[in-house]
Amino acid sequence: MTNKTTHNTDSSARILGAVPRTLALLMMLLVASYPLISEADTGQTRRPLDLPSGGGSHDEDSDDTLPDTIQFFGQSYDGDAFFWVLDVSGSMAWDGRIDTLKSEFIGAVRSLSSYSDFGAIAFSNNMIHFDMKCSAAKHTRKVAASDWIIKLQPQGGTCLAVAVIEGLQTLRQSRHADRRLIVVGDGAPQCGGIADPEIAHWNILAANWDRIPIDTVFTGGEEAGLDFFRGLSNSNNGTLVISQ
């Protein structure tokens, strides 16, 4: 009787001793599988380590607000609002100047993104507005601007100063701060028989009270005209391009 009792007790002890080991093994299996279960059950996906929170959307938004870079008469211009003041006086008919001007203007306008603003005015004896706006470079406006300049014919004098001042006022309509005014011409101001480049220069400088960059493109051959265009760009934080 005594031996039977002892045998039963030893068996029970072995069974009880195996229980903790079995529980420990089950716990280890549960812990090892926990990350897989958690990720699958919650439906979460891991974010790439080299991306900031929110993925790549921040970078895309930044790209949308970068200034445009356009090419015009071989020069690069950065900005998000452009206004052109274009000479269509009689002398622009010489040496294919007006044809080059039209081609350069159309190419630059077409390259603008819809984020940028633009506008234009032509001058001879009078001012010829595109649409009297400086607003978004939508496809319809770019097409209209191309049609507008194609129809212009060179004639008359060079009433440059009033056109530049009008251009500055229109350019200020833009919602953007990075603005540029680009003047193209082949000679010094001469309007109504009056030729005083110095007065024209100071009138423009006074009108440009907010120091908008004025870039100039000189397409003529006279020294007086080149001096005026150089002085206009130098005194208004702009660049000079000489196109021959």
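What follows is a tour that tells you what to select and what is there.

**Before you click**

You're looking at a predicted model, so to speak of local features here takes pLDDT of at least 70, side-chain atom pairs count only at pLDDT 80 or more, and totals for chains, interfaces and linings use all residues. Residues are numbered from 1 along each chain as its sequence is written, and side-chain values use heavy atoms, with hydrogens and water left out.

**Stop 1: the whole chain**

Switch to cartoon view. The chain has seven helices and nine strands. Both are DSSP runs numbered from the N terminus: helices are H or I with at least four residues, strands are E with at least two.

Of the 244 residues, 40% are buried. Buried means under 20% relative accessible area, exposed means over 50%, and partly exposed is in between (1.4 Å probe, protein chains only).

Now think about contacts, meaning heavy atoms within 4.5 Å. Among contacts between residues at least 6 apart in sequence, 74% join residues at least 24 apart.

**Stop 2: α3 and α4**

Select residues 97-110 for α3 and 139-150 for α4. At what angle do α3 and α4 pack? It is about 175°, and the axes are 10 Å apart. Axes are lines fitted to C-alpha atoms, for helices over the stretch in contact, and angles run from 0 to 180 degrees between N-to-C directions. That is why α3 and α4 are roughly antiparallel. The cut-offs: under 35 degrees is roughly parallel, over 145 roughly antiparallel, 65 to 115 roughly perpendicular, and the rest oblique.

Show side chains to see who meets whom. From α3 come L101, K102, F105, I106, V109 and R110, and from α4 come K142, A145, S146, W148, I149 and I150. Sorted by class, that contact has eight nonpolar, one polar and three charged residues. (Ala, Val, Leu, Ile, Met, Phe, Trp, Tyr, Cys and Pro count as nonpolar, Asp, Glu, Lys and Arg as charged, and the others, Gly among them, as polar.)

**Stop 3: F130**

Pick F130, in the loop between β5 (127-129) and β6 (135-136). Is F130 buried or exposed? Its relative accessibility is 14%, so F130 counts as buried. Leaving out residues up to four places away in sequence, F130 touches F118, A120, R141, A144, A145 and W148.

**Stop 4**

Start with α5 (residues 160-171), which packs against α6 at about 5° with the axes 9 Å apart. That makes the two roughly parallel. L160, A161, V164, I165 and L168 of α5 meet A200, N203, I204 and A207 of α6. The tally by class is eight nonpolar, one polar and no charged residues.

On the α6 side look for P197, A200, H201 and I204, and on the α7 side for F228, G231 and L232. This contact has five nonpolar, two polar and no charged residues.

Stay here and click S235, in the loop between α7 and β9 (240-242). The side chains of S235 and H201 make a polar contact of 3.4 Å. A polar contact is a pair of N or O atoms within 3.5 Å; within protein, one must be able to donate a hydrogen and the other to accept it, and residues adjacent in sequence count only if both atoms are side-chain atoms.

**Stop 5: D186**

Go to D186, in the loop between β7 (179-185) and α6. With 6% relative accessibility, D186 counts as buried. Which side chain does the side chain of D186 join in a polar contact of 2.8 Å? It's R97. The D186 side chain also reaches the backbone nitrogen of M92 at 3.5 Å.

Most residues other than glycine have a negative phi. Now select F73, between β1 (68-72) and β2 (75-79): its phi is positive, about 55°, and it is not a glycine. D95, in the loop between β3 (81-87) and α3, also has a positive phi of about 55°. F73 is buried at 11% relative accessible area, whereas D95 is exposed at 73%.
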